[in-house]
Amino acid sequence: MDATATDARTGTRTEALTGPPAVRRKRGRPRDPEADGRILAAASALILLRGFDSMTVDEVASNAGVGKATVYRRWARKEDLAVAAMEQLYRDEMPTPDTGSLRGDLVEAFRATLVFANSPAGGDYLRTLVRESMRDERMAALYREASRRAAESAEQVFERAWTRGELRPDVPVEAAVRLLTGLVVMATVMRTPPPTIADLDALVDLVMVGVSA
């Protein structure tokens with residue numbers, strides 16, 4: 001390829017400058033890697049404070065320090081954002097333990113659940129869950145989805161126990177997973193105090209008697 005150019009006025013041929021094409025930079029600010037966490041935290045805080053219906057994407061965006069478009073790029077619907085926020089709340093407050101034994105896992109899982117249930121945020125969440133689920137089937141479906149995904153994480157505890165030979169093969173895992181949450185939710189409905197850390201060993205023993213191989 002001829003890498004020369006001719007001056008139109010003088011007729012002088014000179015070597016043209018050649019090289020790789022210039023790279024065009026993308027416009028806009030780079031994606032904030034911490035935005036997701038701030039958005040989910042803002043959404044869960046508003047749900048706990050006022051419930052799903054009163055949570056607005058505008059307020060979530062404002063509290064998270066992002067634009068509304070940033071929220072919608074990540075979650076197309078308000079419902080999707082709410083489920084993700086509740087899932088994150090579960091993961092933060094009640095991570096799935098892996099101590100190497102069924103009893104050890106149950107102690108840690110029950111401890112986290114009881115601490116959460118007896119905390120201001122946990123109490124707010126349980127009251128909001130019960131109130132809105134009884135009022136609106138759409139809300140009930142929303143909370144069921146968030147709870148279902150959290151239950152799937154808890155089921156890992158029993159699956160590992162079964163692999164280690166600690167669990168009877170006929171144990172109804174779903175019922176075992178829902179034992180403690182059922183007690184906590186019932187206490188919320190009846191407006192009585194939920195079980196506390198003082199009840200931890202008794203609750204774990206109750207499950208172990210029913211499921212151990």
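In helix α5 (residues 102–117), how many residues apart are E108 and R111, and about how many helical turns separate them?

Modeller: They are three residues apart in helix α5, so about one helical turn separates E108 from R111. Helices here are DSSP runs of H or I with at least four residues, strands are E runs of at least two, and both are numbered from the N terminus. The two side chains form a salt bridge, with the closest N and O atoms 4.0 Å apart. The term calls for a side-chain nitrogen of Lys or Arg within 4 Å of a carboxyl oxygen of Asp or Glu. On burial, the cut-offs are under 20% relative accessible area for buried, over 50% for exposed, and in between for partly exposed (1.4 Å probe, protein chains only).

Before going further, note what you are looking at. This is a predicted model, in which local features need pLDDT of at least 70 and side-chain atom pairs count only at pLDDT 80 or more, while totals for chains, interfaces and linings use all residues. Residues are numbered from 1 along each chain as its sequence is written, and side-chain values use heavy atoms, with hydrogens and water left out.

Stay in helix α5 for one more residue. L114 also sits in this helix. Its relative accessibility is 1%, so L114 counts as buried. Beyond its neighbours within four places in sequence, L114 is in contact with L180, P195, T196, I197, L200 and L203. Contact means heavy atoms within 4.5 Å. M94 lies 20 residues from L114 in sequence, and their C-alpha atoms are 9.6 Å apart.

One of the residues touching L114 is L180. Helix α8 covers residues 173–190 and holds M186. M186 is partly exposed, at 48%. Together with V189 and M190, M186 forms a nonpolar surface patch of about 300 Å² accessible area. Such areas use the Shrake-Rupley method with a 1.4 Å probe, and for residues only the protein chains shown count as cover. A patch takes residues with over 30% relative accessible area and no salt bridge, joining like charges within 9 Å and nonpolar side chains (Val, Leu, Ile, Met, Phe, Trp, Tyr) within 5 Å.

Now the other charged pairs. The structure holds 14 salt bridges. In one of them, D36 meets R74 at 2.3 Å, N to O. D36 is in helix α1 (residues 35–50) and R74 in helix α3 (residues 68–74), so this pair ties together parts 38 residues apart in sequence. D36 is partly exposed at 28%, whereas R74 is buried at 17%. Another salt bridge joins R135 to D53, with 3.1 Å between the closest N and O atoms. R135 belongs to helix α6 (residues 120–135) and D53 to the loop between α1 and α2, so the pair links parts 82 residues apart in sequence. Both ends are partly exposed: R135 at 49%, D53 at 36%.

Next, helix α2, which contains V57. V57 is buried, with 7% relative accessible area. Leaving out residues up to four places away in sequence, V57 touches K68, V71, Y72 and K78. V71 is 14 residues along the chain from V57, with 7.5 Å between their C-alpha atoms. UniProt, in an unreviewed entry, places a "DNA-binding region" at residues 56–75. Its positions follow the numbering used here, feature names are shortened, and annotations may be inferred rather than shown by experiment. That stretch is 75% helix and 0% strand, with its end C-alpha atoms 13 Å apart.

Finally, the whole chain. There are nine helices and two strands, in the order β-β-α-α-α-α-α-α-α-α-α from the N terminus. Of the 213 residues, 35% count as buried. Among contacts with a separation of 6 or more, 62% join residues 24 or more positions apart. The chain exposes about 13300 Å², and carbon and sulfur atoms supply 55% of that. Mean pLDDT is 82, with 85% of residues scoring at least 70; pLDDT is the predictor's confidence in each residue, from 0 to 100. Where pLDDT is low, predicted coordinates should not be read in detail.
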